[in-house]
Amino acid sequence: MIDYVTQPGGKLIGRVRVPGDKSISHRAVMLGSLAEGETRVTGLLDGEDVLSTLAAFRVMGVRAEGPEQGSLVIHGAGLHGLKTPQSALDMGNSGTAMRLMAGILAGQNFDSELIGDESLSKRPMKRVADPLCRMGAVIQAAEGDRPPLRIKGGQKLRGIEYHMPVASAQVKSSLLLAGLYAQGETVITEPAPTRDHTERMLRGFGYDVQTKGARISLRGDGKLKACHIDVPADISSATFFLVGASIAPGSDLVLEHVGINPTRIGVINILKLMGANIELLNPREVGGEPVADIRVRAAKLHGIRIPGDQVPLAIDEFPAIFIAAACAEGETVLTGAHELRVKESDRIAVMAQGLKHLGIDARETPDGILIKGGRLQGSEIDSHGDHRIAMSFAMAGLVSAGPVTVRDCKNVDTSFPGFAPLAKRAGLSIEVQGGR
Ligand code: S3P
């Protein structure tokens with residue numbers, strides 16, 4: 001068991017580069033493995049989630065060197081070159097890995113099984129299993145449509161037209177990846193924009209993907225050509241620092257080389273609406289993804305009604321945004337975010353519980369939360385093994401009246417290895433207790 005103990009009074013100063021983007025890193029490993037030729041990835045996140053994806057491809061015969069300091073070389077097996085895995089493929093804590101892999105495995109000529117840890121084993125898989133089965137896949141889930149997923153190989157997939165009932169990049173990506181193996185055209189319509197890294201990266205690998213408004217389509221039977229992927233720093237990891245620097249008086253921090261894909265910047269839009277002082281410096285494009293350095297300075301925040309169109313664009317950032325809301329003047333209201341209940345934890349319930357322990361008036365609603373800003377007191381918080389909850393409450397410790405202890409922080413390594421030392425270097429008083 002690993003706990004964080006933070007002391008109040010710090011401020012975040014200087015320049016930091018947070019690790020590589022998790023969503024882009026998963027896709028780089030997947031597409032590099034399925035491409036023809038040698039794909040070189042730099043800036044890769046070597047967090048446990050991405051390592052689960054990489055391990056799965058190694059089990060299926062893909063050779064890769066690294067990752068070492070973010071560099072990975074993948075010798076692609078081609079779309080039809082994967083080998084039968086001799087054991088179940090363990091996706092650890094990662095919903096992205098499991099759902100995207102389900103799309104890839106549905107198109108193989110061998111049987112496979114996807115398993116996960118305790119948290120992943122509770123997460124819904126019907127959202128990918130149903131449309132994949134409509135494409136001709138044969139997938140058996142455990143009770144309640146949860147993992148493990150048993151996927152029968154040797155099926156002939158066909159393209160379908162699918163209107164996604166939930167705005168989910170994982171579902172979209174899973175179907176696009178299955179579509180690589182399908183006869184004809186796979187057409188997906190999304191109810192709201194979601195992260196488009198899969199579409200961008202497929203194009204980077206030379207694959208024709210069409211996007212017309214909410215409609216995304218591709219045809220099967222093409223090829224992926226190896227390329228170089230430079231992964232930007234993860235805006236979801238930068239978020240803890242955006243919030244920390246906004247709430248801690250005297251902070252002035254630059255986050256370097258952060259991905260600012262328009263489908264990911266909900267957190268910047270929301271924090272700015274709350275009064276945050278955030279500037280994008282030196283915007284540029286790296287390997288098909290927009291990138292910038294982000295300067296954030298402490299500011300007086302006020303509560304807002306979070307615009308519905310920003311919810312899918314900030315879906316992973318709400319635990320940290322709730323901390324900003326707790327430190328803001330007035331009330332913040334979030335609705336239309338039921339998806340938060342099926343993340344690595346029920347993020348509405350777990351955040352509401354933690355905020356109450358810090359003395360904040362936080363009320364759950366079925367699809368959101370209502371938070372009244374106030375003075376945070378020190379307390380002990382249970383992260384429920386959710387990496388983003390752990391890091392969010394660690395940042396709350398900057399401004400609480402007493403120490404904040406966050407329990408069960410081991411899973412921070414799934415997305416942000418080295419969080420505590422980096423946060424400490426920037427100015428958060430944080431000690432790691434337990435573990436090795
Ligand atoms: C992700 C999509 C989102 C996000 C997750 C990563 C992706 O999930 O929460 O952390 O890489 O495609 P949903 O598709 O369930 O919204």
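These are questions and answers on how terms apply to this predicted model.

Modeller: The model is predicted, so local features need pLDDT of at least 70, side-chain atom pairs count only at pLDDT 80 or more, and totals for chains, interfaces and linings use all residues. Residues are numbered from 1 along each chain as its sequence is written, and side-chain values use heavy atoms, with hydrogens and water left out.

Colleague: Why is Cys409 called buried?

Modeller: Buried means under 20% relative accessible area, exposed over 50%, and partly exposed in between (1.4 Å probe, protein chains only). Cys409 has 3% relative accessibility, so Cys409 counts as buried.

Colleague: And why is Cys227 called buried?

Modeller: Cys227 has a relative accessible area of 18%, so Cys227 is buried as well.

Colleague: How do you know which strands are at the edges of the sheet?

Modeller: Two strands pair if DSSP finds at least two bridges between them. Strands (E, at least two residues) and helices (H or I, at least four) are DSSP runs, numbered from the N terminus. The open sheet has 4 strands in the order β4-β5-β3-β14, with mixed pairing. β4 (63-68) and β14 (228-230) each pair on one side only, which makes them the edge strands.

Colleague: What makes β3 and β5 a pair?

Modeller: Strand β3 (residues 36-42) and strand β5 (residues 71-77) share 6 bridges, in the antiparallel sense. Thr39 stands opposite Ile74 in β5.

Colleague: How do you know where helix α1 packs?

Modeller: By contact (heavy atoms within 4.5 Å). Helix α1 (residues 22-34) touches β3, β5 and β14 of the sheet, and its direction makes about 35° with that of β5. Axes are lines fitted to C-alpha atoms, for helices over the stretch in contact, and angles run from 0 to 180 degrees between N-to-C directions. Helix α2 (residues 48-59) lies across β4 and β5, at about 155° to β4.

Colleague: What makes up the interface between domain 1 and domain 2?

Modeller: Domain bounds come from an automatic or database domain assignment. Domain 1 is 2-20 + 232-434, and domain 2 is 22-230. In contact are 29 residues of domain 1 and 25 residues of domain 2.

Colleague: How much area is buried there?

Modeller: About 2,300 Å², with carbon and sulfur atoms giving 45%. Buried area is the accessible area (1.4 Å probe) that two parts lose on being put together, summed over both.
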